[in-house]
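The following note is meant for a colleague who is meeting this structure for the first time. Please read the numbered points with the sequence and the 3D view at hand.

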Amino acid sequence: MDIASKYFNGVDWRYIDHSSGLEPMQSFAFDDTFSESVGREESSNVVRTWIHQHVVILGIHDSRLPFLSDGIRYLTEEQGYNAIVRNSGGLGVVLDQGILNISLIFKGKTETTIDEAFSVMYLLVAKMFEDEDVEIETHEIERSYCPGKFDLSINGKKFAGISQRRVRGGIAVQVYLCVEGSGAERAQMMKTFYDRAKQGQDTKFTYPNIEPNCMASLATLLDREITVQDVMFQLLYALKDLGGRLNMEPITDVEWSRYEGYFDKMIARNAKINNAMDN
């Protein structure tokens with residue numbers, strides 16, 4: 001069975017619109033919440049859209065940078081960005097009002113390979129932009145921020161990155177789509193962050209050597225005006241075109257209770273950064 005048939009054709013998808021009103025840590029807690037619901041077969045698959053203002057989402061390896069506090073001070077005091085550590089894989093990414101995040105959450109354990117889960121998101125994004133006269137490539141853009149095997153690029157310039165997290169029988173595949181603004185300017189900010197947070201010191205982990213011009217927004221790559229709202233509509237149309245059946249079932253009392261627990265874990269995860277900044 002191909003991926004489109006397995007994950008979309010005739011499959012129920014529950015749409016959660018979190019494009020306003022949430023803090024970033026809440027988003028990651030919600031993805032864990034819905035992953036457990038899907039894993040327990042208490043919910044259909046979930047597609048969730050989320051947008052946050054001026055925050056850099058750091059990975060676990062970023063939290064071990066030798067001069068992390070200096071890097072975070074640069075983000076907060078000079079750039080006006082907050083910073084948190086997420087609970088899924090990867091390195092630091094930039095979120096703002098020109099970035100659309102999409103989470104696809106479906107049931108799966110060891111029988112679903114990492115590559116297959118990533119491919120579900122790639123298929124959907126490719127469908128969203130199938131009418132554009134461009135080819136979306138999927139391979140690592142080594143000198144981008146948060147480089148990975150499933151970076152999405154057009155003409156060698158990265159506009160999206162994909163990560164995934166597995167919780168209690170559910171898989172959450174998350175993509176950030178750089179829609180509006182300048183991808184290169186965001187990349188320059190991350191380059192400076194790593195310069196300040198590493199300061200040339202040798203580290204066991206290899207952090208990215210960022211070349212800002214290898215990243216761009218969809219507005220730049222498509223050479224037309226396109227907004228985050230436009231892309232949200234394209235997402236829903238693509239899901240339907242692939243045969244998905246959308247519903248908008250509300251968050252249940254059980255899910256709200258689970259969410260509180262996952263949110264507490266996110267707060268605890270980020271206590272290390274807060275303590276470092278206070279010292």
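**Notes on the fold**

1. Helix 3 crosses helix 5 in a right-handed manner. Please keep in mind throughout that this is a predicted model. Helix 3 covers residues 68-78, and where the two helices pack, their axes are 6 Å apart and meet at an angle of about 145 degrees. From helix 3 the contact draws on Leu68, Asp70, Gly71, Ile72, Tyr74, Leu75 and Glu78, while helix 5 supplies Met189, Thr192, Phe193, Arg196 and Ala197. Sorted by class, the residues of this contact are seven nonpolar, two polar and three charged.

2. Helix 5, which spans residues 183-198, also lies across strand 3 and strand 5, and its direction makes about 130 degrees with that of strand 5. These two strands belong to an open sheet of three strands, ordered 4-3-5, in which the pairing is mixed. Strand 4 (82-85) and strand 5 (93-95) each have a single partner strand, so they stand at the edges and one side of each is left without a neighbour in the sheet. On average, and with direction ignored, neighbouring strands here are turned by 25 degrees against each other. Strand 3, residues 55-58, pairs with strand 4 in the parallel sense over four bridges, and Val55 has Asn82 of strand 4 as its bridge partner.

3. Which residues touch the most other members of the largest nonpolar core? They are Tyr145 and Phe193, in a core that counts 49 residues. Helix 5 contributes six residues, the largest share of this core. As background, nonpolar side chains in soluble globular proteins tend to be buried together. With residues up to four places away in sequence left out, Tyr145 touches Gly92, Val93, Val94, Lys158, Tyr176, Arg186, Ala187, Met190, Ile210 and Met215.

4. Another open sheet is built from eight strands in the order 7-8-9-10-6-2-1-11, again with mixed pairing. Its edges are strand 7 (137-138) and strand 11 (245-247), which have a single partner strand each, so that one side of each is left without a neighbour in the sheet. Helix 7, residues 228-241, packs on this sheet and touches strand 1 (12-18), strand 2, strand 6, strand 10 (170-178) and strand 11, with a direction that makes about 25 degrees with that of strand 6. Within the sheet, strand 2 (residues 45-50) and strand 6 (residues 99-107) run antiparallel and are joined by five bridges; Val46 of this pairing stands opposite Ile105 in strand 6.

5. Strand 8 (residues 152-154) pairs with strand 9 in the antiparallel sense over three bridges, and Ile154 stands opposite Lys157 in strand 9. Strand 9 and strand 10 also run antiparallel, joined by eight bridges, with Ala160 opposite Leu177 in strand 10.

6. Most residues other than glycine have a negative phi, and the exceptions are worth checking one by one. The hairpin of strand 8 and strand 9 has two residues between the strands, and in it Asn155 takes a positive phi near 55 degrees. The hairpin of strand 9 and strand 10 likewise has two residues between its strands, and there Arg168 has a positive phi near 50 degrees. Arg168 counts as exposed, because its relative accessibility of 55% is over 50%. His54, in the loop between strand 2 and strand 3, has a positive phi near 45 degrees. With a relative accessible area of 36%, His54 is partly exposed.

7. By contrast, Asp133 lies 119 residues from Arg14 in sequence, and their C-alpha atoms are 30 Å apart in space.

Methods
Residues are numbered from 1 along each chain as its sequence is written. This is a predicted model: local features need pLDDT of at least 70, side-chain atom pairs count only at pLDDT 80 or more; totals for chains, interfaces and linings use all residues. Side-chain values use heavy atoms; hydrogens and water are left out. Two strands pair if DSSP finds at least two bridges between them. Axes are lines fitted to C-alpha atoms, for helices over the stretch in contact, and angles run from 0 to 180 degrees between N-to-C directions. Contact means heavy atoms within 4.5 Å. A nonpolar core is a set of buried Ala, Val, Leu, Ile, Met, Phe, Trp, Tyr and Cys residues joined through side-chain atoms within 4.5 Å. Buried means under 20% relative accessible area, exposed over 50%, partly exposed in between (1.4 Å probe, protein chains only). A crossing is left-handed if the near helix is turned anticlockwise from the far one by less than a right angle, and right-handed if clockwise. Ala, Val, Leu, Ile, Met, Phe, Trp, Tyr, Cys and Pro count as nonpolar, Asp, Glu, Lys and Arg as charged, and the others, Gly among them, as polar.
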